[in-house]
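Here's a quick look at how this protein is put together. Have the viewer open and follow along.

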Amino acid sequence: AHTKDTAIRSIRATIVEAPTRRRHKLSNTEVTHQGYVLVRVLLDNGVTGIGEASTLGGPRWAEESVESIKAAVTNYLGPALLGQSALAFEANALRMGKAATRNFAAKGAIESALLDAAGKTLGLPASALLGGAVRERMEVIWALASGDSGQELEEAKEKLRRREHRQFKIKFGFIPPQADLKRLQALRAGLGGEVRLIVDVNQGWTEAECIRFMPALEELDVALIEQPVSALQLEAMARVAARTSIPLLVDEAAFTKEEIARIGAMGCGSVYSLKLVKSGGLFEIKRAAAVAAAHGLELYGGCLLESSIGAAAHLAAFSTLPKLEWGTEHFGPRILVEDLVVNPIRFEEFEICVPDGPGLGVEVDEDKIRAFARKD
Ligand code: MUC
Ligand code: MG
């Protein structure tokens with residue numbers, strides 16, 4: 001394709017609702033379908049690029065919903081970029097910043113689509129445009145979130161048997177802490193002492209509940225506790241972090257670089273979860289990682305149950321980070337009944353493989369998109 005004609009001709013957004021293999025529960029919501037907005041950009045050279053914005057149960061995990069994302073892309077962010085070169089990544093991010101505050105999932109999807117189109121134009125993987133990959137695969141964590149203890153143990157055993165995952169994140173906070181502890185005890189007893197277990201409370205506990213129940217998590221050798229208290233209660237999170245021997249993973253409490261600097265300075269945790277829907281761009285994820293690392297935080301490659309499209313975008317950025325101590329939790333492509341691409345991301349020997357084709361390296365399955373697109 002011609003590298004001269006990289007002007008952005010159109011930007012379109014489609015709402016997609018893809019069924020999940022089982023119910024996925026969190027402290028404040030549960031899903032049986034994943035809501036995505038697919039963003040397609042068309043350049044003057046005829047190349048198209050695809051990006052994905054993910055949500056979890058409507059505007060629940062964060063403020064953005066599929067409806068708000070589509071509106072932001074169609075009415076504000078898209079129009080601000082028409083006629084600009086897809087290769088002008090920083091200038092385009094500035095333009096989006098002027099057109100809309102926050103709206104990170106929407107901005108992240110557009111930038112992913114531009115990286116896809118630019119990479120396809122230049123014949124380079126998106127990771128090359130982000131600085132070049134320093135790793136081609138990474139250890140990948142699976143999330144257990146049905147709430148049915150027996151089912152969760154069977155699911156984990158199956159993942160181990162298939163050599164797909166050997167680290168598990170257990171979603172807490174949708175039942176009382178005592179009941180969550182029973183789930184965890186059953187998993188630890190059934191899986192043995194070697195398997196790494198992470199707990200994500202999704203802001204579900206008070207500081208008092210942390211004080212009461214974290215000693216039990218320590219006994220069960222939990223490796224990491226993610227966002228135990230409200231994202232707004234930074235002081236409480238810092239006190240909890242100082243009290244427990246388990247490192248805290250900061251998720252909902254920090255989206256922007258300034259927020260990361262604050263949680264870093266306050267000691268709210270010692271690991272940071274990177275997410276496109278928090279950073280609003282793949283270049284920005286790299287800056288988020290640098291700010292977190294400069295405050296002494298280790299890095300965890302987060303997800304919001306993206307399909308292989310969103311996962312490919314994340315992996316392009318994660319693959320370029322000098323350090324990614326905790327690997328990634330990109331299990332999204334495998335929780336969908338049907339992935340949205342014809343060449344799903346590969347999982348091998350407990351690792352997820354970074355696609356190496358041009359752009360994001362995935363090809364949209366148009367039949368699936370037609371089947372799952374919201375009819376409105
Ligand atoms: C979150 O809070 O980490 C990622 C995995 C999962 O089960 O939920 C998401 C969001
Ligand atoms: Mg989380």
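## A salt bridge to start with

Which residue forms a salt bridge with arginine 102? The partner is glutamate 259, and the closest N and O atoms of the two sit 3.1 Å apart. Keep in mind that this is a predicted model.

Domain 1 puts 40 residues into the contact, and domain 2 puts in 48.

## What's in the interface

About 3600 Å² is buried between domain 1 and domain 2, with carbon and sulfur atoms giving 64% of that. On the domain 1 side, Arg22, Trp61 and Phe104 are the ones to click on: they supply 20% of the area that domain 1 buries against domain 2, more than any other three residues.

The face of domain 1 that touches domain 2 gets two or more residues from each of several elements, including strand 1 (8-26), strand 2 (29-43), helix 2 (89-99) and helix 3 (104-122). Sort the residues of that face by type and you get 18 nonpolar, 10 polar and 12 charged.

## The magnesium site

Now over to ligand 2, a magnesium ion. Asp200 (OD), Glu226 (OE) and Asp251 (OD) coordinate this magnesium ion at 2.1 to 2.3 Å. Along the sequence, these donor residues follow the spacing D-x25-E-x24-D. Aspartate 200 belongs to strand 7 (residues 196-200) and glutamate 226 to strand 8 (residues 224-226), so this pair links distant parts of the chain, 26 residues apart.

## Salt bridges overall

How many salt bridges does the rule count? The total is 33. One of them pairs arginine 287 with glutamate 90, whose closest N and O atoms are 3.2 Å apart. Because arginine 287 lies in helix 11 (residues 282-294) and glutamate 90 in helix 2, the pair ties together parts that are 197 residues apart in sequence.

Conventions
Residues numbered from 1 in each chain as written. Chains lettered and ligands numbered in written order. Predicted model: local features only at pLDDT ≥ 70, side-chain atom pairs only at ≥ 80, totals over all residues. Heavy atoms only, no water. Contact = heavy atoms within 4.5 Å. Buried area = accessible area lost by both parts, 1.4 Å probe. Salt bridge = Lys/Arg side-chain N within 4 Å of Asp/Glu carboxyl O. Helix = DSSP H or I, 4+ residues; strand = E, 2+ residues; numbered from the N terminus. Nonpolar A, V, L, I, M, F, W, Y, C, P; charged D, E, K, R; others polar. Donors = N, O, S within 2.8 Å, 3.2 Å for Na, K, Ca; no water.
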